[in-house]
Amino acid sequence: MRDLPFPVRDANAIGGADNLGDLPEWDLTDLYSSEDAPELAADLEWLEGECTSFAADYEGKLADLDADGLLQCVLRNEKINAIAGRIMSFAGLRYYQLTTDAERAKFLSDMQEKITIFTTPLVFFTLEINRIDDEVLKTHFAENADLARYEPVFRRIRAMKPYQLSDELEKFLHDLGVVGDAWERLFDETIAGLTFTVDGEELNIEGTLNFLTEQDRNKREAAARELASVFQDNIKTFARVHNTQAKEKEILDRWRNMPTAQTGRHLSNDVEPEVVEALREAVVAAYPKLSHRYYELKRKWLGLDVMQVWDRNAPLPMEDTRVVGWDEAEKTVMDAYNAFDPRMGEIAAPFFSKGWIDAAVKPGKAPGAFAHPTVTDVHPYVMLNYLGKPRDVMTLAHELGHGVHQVLAADQGEMLSSTPLTLAETASVFGEMLTFRKMLDQADTPEQRKVLLAGKVEDMINTVVRQIAFYDFECKLHAARREGELTPVDINALWMSVQAESLGPAFEFMEGYETFWAYIPHFVHSPFYVYAYAFGDGLVNALYSVYESGSEGFEDKYFEMLRAGGSKHHKDLLAPFGLDASDPKFWDKGLSMISGFIDELEAMED
């Protein structure tokens, strides 16, 4: 079953204004008409019965099935995943529209509990797949091409074989999962319920983070200090959530004999640890020529002796502060997508016209932005907190890229469509790049070009440098938690240990900034998720350089890559483009694009 959606974009990249035009809202009726819908009741009843039947038909028998029998078993399991995924998508999306609503929170919790109970008898499925002999499976795949299509699923399941516990323990852990989910919900509800007062105005976290991108430096400082104050007031709750989640992970990893805290994420991402480490090392080595160099430029542009943290996402003095209305944002992104290939525009168009995007900032709505694929026989939904700055247009381009990817991959079916996180960012970052290049081509003056380049460099630094710094923070956090309980002061110190290194000497850090780890949802919802952003950005930069070189048939190859979903390993997906992420030099290609943009900005100073 798919994970629930959660906010995945760095909320610092959000802008703001009123009068944005007619902002779309979700129409969730393609999933269910309401929480009382008879179709939902029927699906719950079917799911309960089918899970029981599935276990009765197959438990203890998988190793004895022939190829045709195993295929039927897989198809039935896929149908169960689809129905459970539809229910949880509906419950999750309703909840994220208004996380402070008690009824929606209860409905989500009730659905989680029901589906956990229904699906507990199915735990045997992956355990028994891992007990089938390698040669037997090979023979089955050779005999049945329809079954062989699922080979990547079997491969990923069997990657967990060394870390598998007894059947009884696996069922126990499956049941216990709802307890961990409750800590995630506590985090979400705490964040959504926070209120901040800036210049006499009461705001939620989105509105307050938005002020960090204001022209008025006093307002940026006031927002940063208010964020620090409110985070400090709630720091014990955030520290308790992080301690509990990290301890739960440590216990699971220890019982499973996972060699590192990151192993589980690498396995689920279908990526080798050495590839991730090569990425991390390349980015950390590049800090001086990327973030350190750029922020020194920005310090001069802002006319400051030293930058404070509230200057990191400040607009440039010459930046156009006009509001980008929703219609203009839609046109900008759609023009860029259509210019690349009309097929991309065709796939993206229904998101705007059919209620597949929820764009407005509303009290209680989850912060950030995401694209959730729901299930393969429906369509994705995109959530934004659109406030009208150019960076919001890039966020729209990013999430719509996810949506296009998810639509194309849906033909793979429920078990093969889901792309590992490392590749899940490909279409989103590529969509951003297309939109950025379109805007850059349309720049009328050197000033406009400079502002656009600087904005793109900042987004890339947020995506690559900042996320690798996040990854290093998580590595330190989980390592330290293995030694014992962490106080808020302990966690603050770990956070600060990566900040100066990644941002560089242009910065000074205000008192209170040490608590800013508290609001990042990735750390709670999906440990070590963050390196996927850097992976995706580096991969797309290398991919875009192939596109820019005029590679023949690039568009067709690109669509084929997106259609593959999770059916191929990253080596196989990148091979048609002459790229290989396991080559340490691969990452330098992507980083050199960022460095090249900074070169151009520096040249403008001469």
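Student: How many aromatic pairs does the structure hold?

Tutor: There are 48 aromatic pairs in this predicted model. Rings of Phe, Tyr and Trp (its six-membered ring) pair if their centres lie within 6.5 Å; planes under 30 degrees apart are stacked, over 60 edge-to-face, and the rest tilted.

Student: Why is the pair of Tyr 294 and Tyr 295 called edge-to-face?

Tutor: Their ring centres are 5.5 Å apart and the planes stand at 65°, so the pair is edge-to-face.

Student: What makes Tyr 294 buried?

Tutor: Buried means under 20% relative accessible area, exposed over 50%, and partly exposed in between (1.4 Å probe, protein chains only). Tyr 294 has 0%, so it is buried. Tyr 295, at 1%, counts as buried too.

Student: And why is the pair of Trp 326 and Tyr 386 edge-to-face?

Tutor: With centres 5.1 Å apart and planes at 85°, the pair is edge-to-face. Both residues are buried. Trp 326 is in helix α15 (residues 326–340) and Tyr 386 in the loop between β6 (381–383) and α17 (390–409), so the pair ties together parts that are 60 residues apart in sequence. Helices (H or I, at least four residues) and strands (E, at least two) are DSSP runs, numbered from the N terminus.

Student: How do you know that the charged end of Arg 149 sits over the ring of Tyr 150?

Tutor: The rule asks for NZ of Lys or CZ of Arg within 6 Å of the ring centre and within 35 degrees of the ring normal. The charged end of Arg 149 sits over that ring, 5.0 Å from its centre. For Arg 86 over the ring of Tyr 32, the distance is 5.9 Å.

Student: Why is α17 called roughly perpendicular to α25?

Tutor: α17 and helix α25 (residues 554–563) pack at about 75°, with axes 7 Å apart. Axes are lines fitted to C-alpha atoms, for helices over the stretch in contact, with angles from 0 to 180 degrees between N-to-C directions. Under 35 degrees is roughly parallel, over 145 roughly antiparallel, 65 to 115 roughly perpendicular, and the rest oblique. That makes the two helices roughly perpendicular.

Student: What makes Glu 281 partly exposed?

Tutor: Its relative accessible area is 45%, so Glu 281 is partly exposed.

Methods
Residues are numbered from 1 along each chain as its sequence is written. This is a predicted model: local features need pLDDT of at least 70, side-chain atom pairs count only at pLDDT 80 or more; totals for chains, interfaces and linings use all residues. Side-chain values use heavy atoms; hydrogens and water are left out.
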